[in-house]
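Me: I am new to reading protein structures. Could you walk me through one, feature by feature?

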Amino acid sequence: MRTIAISNYKGGVGKTTTAVNLAAIFAARGLRTLLVDLDPQASATDFFGLYDRAASERRTSVELLYGGAPVEEVAYAAGEGFDVVASTIDLVDQNEMLLCEQRLKFALDDASGSYDACLIDCSPVMRRLAFNAYLAAAEGGMVVIPVKLDSTVMRGTALTVEATRSIADALRMPTPRWKILRTCVPGRMTNAEATGAAVLDGFFPDEQFETVIHASSKVCEGSWQWKPVAAFEPGSRPARDYEALADEVSRELA
């Protein structure tokens, strides 16, 4: 199983949109796909309408990480060959000092025979939740870092890159490979966005995906119908972008 963590310590950059669309595309291509929501805001969980059910049945990432529950006991079917481990706000109230940095890796290793790909939607917080995701992606997977080309382009990006390196060094594990994904890219770049692009090119010239995700109202319109844009409007520009990204990620992990 290939594990792909979607992370950036800057919020509002398209992490959940990227995780949901990649997961849906992989599942549509016949890969057995697992999406793990590690964000207490539970946006990916809400996307599939699972929040209330998961909270009442106590089948969430809390039970997976802190209760020792296996993936198969907490995952919900979201489609053909597509499962989701939901999150709730209770995740933010847990004592992270009790969380082993490799707990998610061990849980996914145990479930590796059931899935071909795992997508992890990370919280925009530098805590052990994110470290769990990075270590789960360290062997044979990768970290995708979505970035918007605004004045804060380097803030979360640099922190995320450093965190992947520091946690791997601390535990003497391989540093997960990572790449930056430009999101919400307009059809015509303004001077501000061109400046952000130049900054990224200056610091990370070789660590960016060729694919970029273009801004479009179709992404929001699809979310209101609980559909990834790749399914809601498959001919739209962002849908084609995410299909191209799925191809590029697959090549990276081949």
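Reply: We will go from the whole chain down to single residues. Keep in mind that this is a predicted model.

Me: Let's begin with the whole chain. How many helices and strands are there in the protein chain?

Reply: The protein chain has twelve helices and seven strands.

Me: What does the radius of gyration say about the overall form?

Reply: Compare the value with the one for a compact globule. With 254 residues, such a globule would have a radius of gyration near 18 Å. The protein chain has 17 Å, so the two agree. Along the principal axes, the C-alpha atoms fill a box of roughly 50 × 40 × 35 Å.

Me: How much of the protein chain counts as buried?

Reply: The cut-off for buried is under 20% relative accessible area. Of the 254 residues, 53% count as buried.

Me: What about charges? How far apart are the mean positions of the positive and negative ones?

Reply: There are 25 positive and 34 negative charges, and their mean positions are 3 Å apart.

Me: Now a strand. How do side chains sit along one?

Reply: In a regular strand, side chains alternate between the two faces of the sheet. Now look at strand β5, residues 117–122. On one side are Ala-117, Leu-119 and Asp-121. On the other are Cys-118, Ile-120 and Cys-122.

Me: Are the faces of β5 covered or open?

Reply: Both faces of β5 are covered. Six of its six residues are buried.

Me: Which strands pair with β5?

Reply: Strand β1, residues 2–6, runs parallel to β5, and five bridges join them. Arg-2 has Ala-117 as its bridge partner in β5. Strand β2, residues 33–38, also pairs with β5 in the parallel sense, over six bridges. There, Leu-35 has Leu-119 as its bridge partner.

Me: Which residues does Ala-19 touch?

Reply: Ala-19 lies in helix α1, residues 15–28. Setting aside residues up to four places away in sequence, Ala-19 touches Ile-6, Leu-35, Leu-119 and Asp-121. Ala-19 and Leu-35 are 16 residues apart in sequence, yet their C-alpha atoms are 7.6 Å apart in space.

Me: Is Ala-19 buried or exposed?

Reply: Ala-19 counts as buried because its relative accessible area is 0%.

Me: Lys-105 has a charged side chain. Is Lys-105 buried or exposed?

Reply: Lys-105 has 10% relative accessibility, so it counts as buried. Lys-105 is in helix α6, residues 103–110. Beyond its neighbours within four places, Lys-105 is in contact with Leu-135, Ala-136, Glu-139 and Met-173.

Me: Last topic: backbone angles. Which residues other than glycine have a positive phi?

Reply: Two examples will do. Ala-42 has a phi near 60°, and Arg-58 has one of about 55°. Ala-42 lies in the loop between β2 and α2. Arg-58 is in the loop between α3 and α4.

Technical notes: Residues numbered from 1 in each chain as written. Predicted model: local features only at pLDDT ≥ 70, side-chain atom pairs only at ≥ 80, totals over all residues. Heavy atoms only, no water. Buried < 20%, exposed > 50% of the residue type's maximum accessible area, 1.4 Å probe, protein only. Helix = DSSP H or I, 4+ residues; strand = E, 2+ residues; numbered from the N terminus. Pairing = 2+ DSSP bridges. Rg over C-alpha atoms; globule rule 2.2 N^0.38 Å. Charge placed at Lys NZ, Arg CZ, Asp CG, Glu CD. Contact = heavy atoms within 4.5 Å.
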